[in-house]
Amino acid sequence: MKRSYTAAVYLRMLLVLALLTLSFAPGAAAQTSTEGRELTEESLNEFLEQFFADEHVQPHYIGASVVVVKDGEVIGQEGFGYADQATETAVNPEETVFRVASVSKLFTAVAVMQLVEQGKIDLQEDIRTYLPELQFANPYATPVTVAHLLTHTTGFEIRDPQASDLHEDFARLVEIEDYVHEHMPPVVREPGTSYMYDNFASLLAGLLVEKVSGVPFEEYMQTHLFKPLGMENSSYELSDRMIGQLATGYDQLGGELPLYTVTPTIMPHGGMLSTAEDIGKFMLAFLEGGRTADGEFLSEKSISLMEEYQSSIHPLIPNTTYGFEAPMQLPGAGSSSHVITKAGDLTGFSSYLFMLPDEETGVFLTYNQNGALRELFYSQFMSTFFPQHVAPANFDDFEPLLQEELAAFAGVYQDLRLNILISTVALGEDGALTISDSFLGPRPLIQVEERLFVDSLTNQLIGFEVNEAGDVSYLSEPNLNPLGYAQKGEQPVGFSDISDDHPYADYIFPLQSLAYYPNDAVRAFDPQRPVTRAAFIENILVISNLPGSDTEQLAFNDIAGHPSAGYVQMAYELGLINGDGQGNFRPDEAITRQEAAVMLWRSYREQFPDQLFADIEVTGEVSEWALPAIKMMVAFGYHGPEVTVGDSGADYLATKPLTNEEEAAILWSLLTVPVYMIADELMPDQGGEQEELDPVTEAAMRAASLRIVD
């Protein structure tokens with residue numbers, strides 16, 4: 001079925017399809033009490049009944065399945081809501097199959113560890129020892145090892161799944177090896193030095209299992225994991241039997257989603273299907289030291305390695321084990337290293353597995369709608385039964401850094417996985433650091449240890465990494481994407497015609513720091529040069545992390561052979577441009593400011609209706625067709641200092657050509673202005689008293705609205 005999307009909707013769709021994992025945002029205020037309820041069959045049943053019946057929770061699931069194990073037994077296994085709402089088919093935790101998405105990676109890691117035990121794989125060995133046919137560039141002396149694959153520290157350039165990797169062509173069959181060779185990325189950071197959630201690394205781990213074992217991946221998993229564990233309703237293959245048991249997926253508005261399949265056809269990093277009961281069997285065996293009724297599926301040594309965190313910027317914000325990842329941060333507490341987790345998301349499905357090995361406890365929640373249920377469940381479950389693991393952290397004594405030392409942290413940080421996620425850290429005149437991003441805006445950072453800070457707004461921990469040269473290199477923060485680092489941009493050297501006090505320097509230099517512009521002081525920026533229509537379209541899509549179209553049937557007669565043709569075509573497909581009505585786009589003509597504004601306005605209309613900006617006053621010459629767009633641009637501050645805002649309104653200079661410097665202001669604003677906060681402030685007062693939510697619920701709701709879903 002063909003769909004039409006605006007750029008904003010398309011970007012969100014790409015994120016849903018690509019990330020295959022959760023990005024968390026602010027959670028609940030950490031509990032001060034460390035005395036939780038005893039976790040028993042009775043107390044768990046009471047908790048589950050109350051939780052899933054809560055009026056704040058019910059909007060966040062259509063159907064859900066949960067299993068809890070403790071001390072070698074299943075103490076709770078329940079289904080809630082509908083596996084299929086239309087037929088009112090209830091969720092059955094024993095039979096209802098869910099797409100567990102990136103929880104698949106955990107099982108792929110277990111398979112690798114089995115082969116390690118057999119001496120067929122060495123964790124510290126170069127992956128090309130086992131996959132000699134792989135061709136990829138690595139400019140560093142450090143090889144990519146098997147351990148790097150399992151800990152997401154490969155240094156690979158990002159290769160997330162593409163939108164087309166989820167599709168409805170069930171006849172299409174793509175082998176793991178063929179997909180790997182087509183999409184193999186180069187190494188762009190020294191392996192082992194940075195953490196970036198890496199779908200492709202887990203895909204390679206699956207290929208590794210297939211090549212070393214000598215049998216197809218799905219066959220290996222059935223023979224060596226699912227059957228020994230009694231997981232009779234688990235598979236990486238979407239067979240007819242699995243389809244018959246599969247829950248229907250729903251979008252965030254409750255709309256039914258069509259059945260889809262994945263590429264590669266067997267997807268080690270996200271294609272597993274399973275039931276709550278089956279995952280419970282895995283957790284029981286894992287917590288029992290790898291033992292099953294029929295023997296051992298994993299040794300105690302391997303279990304210990306998979307429970308131990310292998311990297312972190314700080315012990316309170318660990319990254320990954322060999323297969324697991326850190327739990328979501330809870331404010332004041334950080335991420336407990338006593339908890340190991342794995343989250344997963346595919347369109348219409350979300351899951352969360354977490355275990356507390358010291359407590360011999362495992363929990364798995366899966367549901368057929370992306371949303372906040374996971375955040376709500378984890379925070380309330382931990383606060384109820386294990387508050388000692390989410391209690392406020394105690395920090396060691398430290399010597400506060402001097403102002404010149406704090407200045408080393410200032411700069412622009414770009415997420416390694418999603419380059420549209422930007423954090424700016426600045427040193428204020430008061431000598432304090434602030435951090436800002438496009439979701440939460442600016443807020444002070446409070447130093448609690450040498451390189452560890454507390455976000456004063458969310459009460460979450462933010463850490464910095466220093467490289468061997470002593471320079472600040474990475475930032476770890478929980479609000480945009482805790483599953484990876486943000487890399488500090490280079491020190492911008494400026495341009496020959498842009499001085500430090502140039503009115504647009506604060507827009508141009510950060511973009512140069514992030515390599516959107518060449519970092520070459522000899523070059524001229526030519527700030528007053530007009531921007532062409534094609535160049536603006538390309539720059540907007542590039543900075544939004546959107547690709548050019550590869551279609552051969554172009555929408556306009558005059559873009560064939562043009563270097564920006566793919567981007568112009570994509571803008572047309574996204575509904576950003578219409579052309580001149582004569583079949584042409586005029587790609588090399590200078591674009592006016594109001595034309596540029598309309599292109600962006602079209603990408604925002606579904607999220608921000610025109611009524612939101614009705615009270616924004618605009619002066620100066622503006623074409624009637626561009627007025628709503630200009631109002632939006634003024635409201636969001638998508639402009640530079642040339643635009644004057646007075647008591648009578650704002651003159652956007654709408655009919656003037658867009659210049660290089662003004663485009664820079666727009667591009668930087670797109671990355672950094674907190675538009676959702678601005679929109680909330682513009683929202684008319686609804687009147688009446690707002691219901692006050694408990695801190696846990698309020699924080700989890702905020703988490704779902706802020707997080708970049710996968």
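Predicted model: local features only at pLDDT ≥ 70, side-chain atom pairs only at ≥ 80, totals over all residues.
The crossing of helices α13 and α18 is left-handed.

## Exercise 1

Task: Determine how α13 and α18 are oriented to each other, and which residues form their contact.

Solution. 
Step 1. Locate the two helices: α13 spans residues 505-513 and α18 spans residues 660-672.
Step 2. Describe the packing. Two packed helices are described by the angle between their axes and the distance between the axes. For α13 and α18 the angle is about 65 degrees, and the axes lie 8 Å apart.
Step 3. Classify the angle. Angles of 65 to 115 degrees count as roughly perpendicular, and α13 and α18 are therefore roughly perpendicular to each other.
Step 4. List the contact. From α13 come D506, Y507, I508, P510 and L511, while α18 supplies A664, A665, L667, W668 and L671.
Step 5. Sort these residues by class: nine are nonpolar, none is polar and one is charged.

## Exercise 2

Task: Describe how helix α3 packs against α10 and against α7.

Solution. 
Step 1. Begin with α3 (residues 103-117) and α10 (residues 300-307), whose axes come within 10 Å and cross at roughly 135 degrees.
Step 2. Identify the partners. In α3 they are L106, A109, V110, M113 and E117, and in α10 they are S302, L305 and M306. By class, this contact has six nonpolar residues, one polar and one charged.
Step 3. Turn to α7 (residues 217-229), which packs with α3 at an angle of about 75 degrees, the axes being 11 Å apart. This angle makes α3 roughly perpendicular to α7.
Step 4. Identify the second set of partners. F107, T108, V110, A111, Q114 and L115 of α3 meet F217, Y220, M221, H224, L225 and F226 of α7. Nine residues of this contact are nonpolar, three are polar and none is charged.

## Exercise 3

Task: State how many cavities of 30 Å³ or more are counted, and characterise the second largest cavity.

Solution. 
Step 1. Give the count, which comes to eight cavities of 30 Å³ or more.
Step 2. Give the volume of the second largest cavity, about 140 Å³.
Step 3. Examine its lining of 17 residues, of which P318, A326, P327, S335 and P482 lie nearest the centre. The lining comprises eleven nonpolar, four polar and two charged residues.

## Exercise 4

Solution. 
Step 1. Consider P264. P264 lies in the loop between β6 (261-262) and β7 (272-274).
Step 2. Consider H152. H152 is found in the loop between α4 (146-151) and β5 (166-167).

Terms used
Residues numbered from 1 in each chain as written. Heavy atoms only, no water. Axes fitted to C-alpha atoms, helices over the stretch in contact; angles between N-to-C directions. Helix = DSSP H or I, 4+ residues; strand = E, 2+ residues; numbered from the N terminus. Parallel < 35°, antiparallel > 145°, perpendicular 65-115°, else oblique. Left-handed = near helix turned anticlockwise from the far one by under 90°. Contact = heavy atoms within 4.5 Å. Nonpolar A, V, L, I, M, F, W, Y, C, P; charged D, E, K, R; others polar. 1 Å grid on protein atoms, 1.4 Å probe; cavity = no way out; pocket = protein on both sides within 12 Å on 5 of 7 lines; lining within 4 Å. Points joined across faces, edges and corners; volume = space filled by probe spheres on them.
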